[in-house]
Amino acid sequence: MRDHAETARRFLELHHPGRPLLLPNPWDQGSARLLAWLGFEALATTSSGFAATLGRLDGSVNRSEALGHAAAIAGTTDLPVSADLENGFADDPAGVAETLRLALQAGLAGCSVEDASGRQDDPIYDPGLAAERVRAAAEAAHRGPVHLVLTARAENYLHGRPDLADTIARLQAYQEAGADVLYAPGLRRLEDIRQLVASVDRPVNVLAVSGAPPVPELAAARVGRVSVGGAFAFAALGAVVEAATELRDAGSYGFSDRAGAGRDAVRAAFGP
């Protein structure tokens, strides 16, 4: 328990506005060990990347599968691991709290809970219910000797609702409800990110996506964390598609150099 509490405490302390924690997202135990070997200080799971390993799309993994996957990642490294727990796998606050209790049992240092409902007709929870869900999650995350680092996510920008004012208001409410880190995936404009950071008193996570400011600019904007979501997993899958297409269509082996670099890295990372 002391080690678990210390790992969670260390994870929270890694969030320094102005010196953002670079938080890569492994999709399996091997990629987790490789990223740890590369010198990152913490890791986070990716719901979309994990779903892809099962041959599924994002949003199709259940709570048991997600927590089992997160526990396996946490068990393969000494680094703090945060889990992408989607919407907590429940609509009601009590169900979200139960997911957080299970996350603690899985040995995680942190987790994220989003305000997306998963319903096409009404994709974002009502602000009042969303805040109550975060409050229940925070109470479960912070009740015992381990302070599980709770990231609250406002999902407007991923669901066709680029409303900065509503996003900031939601994250302010989630802060008041007890969230440790705030996150609005999909924000790209530096001026919007600056406005968000200035409007809250918790570290802000920014998703590294095409069109987002580079890390030095995010650091200057006092962002506290930068994560990649499923990007590394899909970059790896993209490399497989390129290699397989070359073999199928050209009958050549230009992918061998990249494969050799990967093999060397695996031997170094996984060796004695």
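A crossing of two helices is right-handed if the near helix is turned clockwise from the far one by less than a right angle. This convention applies at two stops of the tour below, which is made through a predicted model.

Begin by selecting helix α5 (residues 93-105) together with helix α6 (residues 127-142); their axes come within 8 Å and cross at roughly 30°. Because angles under 35 degrees count as roughly parallel, α5 is roughly parallel to α6. Next, display the side chains at the contact: α5 contributes P93, V96, A97, L100, R101 and L104, while α6 contributes L129, E132, R133, A136, A137, A140 and A141. Of these contact residues, 10 are nonpolar and 3 are charged, with no polar ones.

Now select P127, and then A173. The two are separated by 46 residues in sequence, yet their C-alpha atoms lie 8.3 Å apart in space. A173 belongs to helix α7 (residues 164-176).

The crossing of α7 and α8 is right-handed. To inspect the contact, show L164, I168, L171 and Q172 on α7, and D192, Q195, L196 and S199 on α8. The contact of α7 with α8 comprises 4 nonpolar, 3 polar and 1 charged residues.

Notes: Residues are numbered from 1 along each chain as its sequence is written. This is a predicted model: local features need pLDDT of at least 70, side-chain atom pairs count only at pLDDT 80 or more; totals for chains, interfaces and linings use all residues. Side-chain values use heavy atoms; hydrogens and water are left out. Helices (H or I, at least four residues) and strands (E, at least two) are DSSP runs, numbered from the N terminus. Contact means heavy atoms within 4.5 Å. Ala, Val, Leu, Ile, Met, Phe, Trp, Tyr, Cys and Pro count as nonpolar, Asp, Glu, Lys and Arg as charged, and the others, Gly among them, as polar. Axes are lines fitted to C-alpha atoms, for helices over the stretch in contact, and angles run from 0 to 180 degrees between N-to-C directions. Angles under 35 degrees count as roughly parallel, over 145 as roughly antiparallel, 65 to 115 as roughly perpendicular and the rest as oblique.
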